[in-house]
Amino acid sequence: MPRNGSGVYSLPPGSTFSPNTLIQSSVVNGINNDIATDLNTVRPIASGGTGGSTGQSAMDALFASPVSIIDQNILFEDPTDTTKKARLDVVNVATGTTRIISIPNADVIFSAFLSGASGFLAQTAGAAAFAALGASFTSATPGQFTAPNGLRLKWGVHSGGDGSVTFATAFLIGAYVAFVCPIAAPGSTTLVSASVASVSLSGMFIYKRQQNGGATSTLSVDTYWLVIGS
């Protein structure tokens with residue numbers, strides 16, 4: 001075996017010759033065969049090799065654990081026009097920080113997303129750029145804001161006494177939190193409040209109360225409401 005279990009190569013026994021002595025052909029042939037075997041065997045990474053006999057096995061061995069590569073040393077080029085190149089640049093990443101690029105379960109064409117006719121960089125108006133990211137906004141009451149990641153905010157005003165609110169469009173996954181606030185200034189002895197219950201994908205129920213001199217009663221008052229969900 002040319003190399004030991006640690007991948008270190010050592011000449012076979014009898015490889016050291018002395019001046020003015022006969023050299024046996026069997027010994028020389030053994031040395032040559034040993035070297036030939038080593039040269040035709042996968043060279044370990046520790047000895048300057050790739051640790052693999054194919055491109056894939058070499059990559060598996062070289063990147064068996066995380067390694068750092070200087071960003072400017074990795075270039076991607078077009079197979080038919082090698083003058084077209086691209087590379088990653090991490091200069092803006094904070095010191096001591098590792099950022100992760102997550103790939104969605106879909107084909108993504110960045111050029112179309114960024115600079116196509118409807119791409120983000122092609123938009124000159126803020127609203128159009130906002131929409132290019134997959135977001136939407138209803139400037140009204142009731143209204144809704146939808147973020148690119150699917151998070152939604154819904155708002156409105158509920159009038160009258162206790163009653164239900166039905167969202168113009170239902171949440172798809174869940175309504176996470178709901179807020180209500182009566183539009184009224186409390187008197188010196190009167191406390192006005194509102195609460196919410198039975199929040200679902202499609203709506204909720206609002207209760208309105210006032211407390212005066214220790215007595216609690218129902219109340220008819222306009223009430224702001226806000227729900228966050230997705």
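The largest pocket in this predicted model has a volume of about 600 Å³. Its lining is made up of 16 residues. Ile69, Asp71, Leu88, Val90 and Arg99 lie nearest the centre of this pocket. Sorted by class, the lining has ten nonpolar, three polar and three charged residues.

The second largest pocket has a volume of about 150 Å³. Among its lining residues are Pro142, Gly143, Trp155, Val165 and Trp225. Strand 4 (143–146), strand 5 (152–158) and strand 6 (163–166) each give two or more residues to this lining. Here the classes are six nonpolar, five polar and one charged.

A cis peptide bond joins Thr141 to Pro142, with omega at about 5°. Pro142 sits in the loop between strand 3 (136–137) and strand 4.

| Strand pair | Bridges | Direction |
|---|---|---|
| Strand 6 and strand 9 (residues 203–212) | four bridges | antiparallel |
| Strand 8 (residues 190–197) and strand 9 | eight bridges | antiparallel |
| Strand 9 and strand 10 (residues 215–218) | four bridges | antiparallel |

Individual partners show how these strands line up. Ala197 stands opposite Phe205 in strand 9. Gln210 has Ser217 in strand 10 as its bridge partner. In a regular strand, side chains alternate between the two faces of the sheet.

Where do hairpins form? Strand 8 and strand 9 make a hairpin with five residues between them. Strand 9 and strand 10 make a hairpin with two residues between them. In the turn of this second hairpin, Gly213 has a positive phi of about 60°.

Which residues have a positive phi although they are not glycines? Ser198 is one of them, with a phi of about 55°. Ser198 lies in the loop between strand 8 and strand 9. Is Ser198 buried or exposed? Its relative accessible area is 62%, so Ser198 is exposed, as the cut-off for exposed is over 50%.

Asn20 is not a glycine either, yet has a positive phi of about 60°. Asn20 is placed in the segment before helix 1 (25–39). Asn20 counts as exposed because its relative accessibility is 84%.

Notes: Residues are numbered from 1 along each chain as its sequence is written. This is a predicted model: local features need pLDDT of at least 70, side-chain atom pairs count only at pLDDT 80 or more; totals for chains, interfaces and linings use all residues. Side-chain values use heavy atoms; hydrogens and water are left out. On a 1 Å grid over the protein atoms alone, a cavity is a set of points where a 1.4 Å probe fits but cannot get out, and a pocket is an open set with protein on both sides within 12 Å along at least five of seven lines; lining residues have an atom within 4 Å of a point. Grid points are joined across faces, edges and corners, and a volume is the space filled by probe spheres set on the points. Ala, Val, Leu, Ile, Met, Phe, Trp, Tyr, Cys and Pro count as nonpolar, Asp, Glu, Lys and Arg as charged, and the others, Gly among them, as polar. Two strands pair if DSSP finds at least two bridges between them. Buried means under 20% relative accessible area, exposed over 50%, partly exposed in between (1.4 Å probe, protein chains only).
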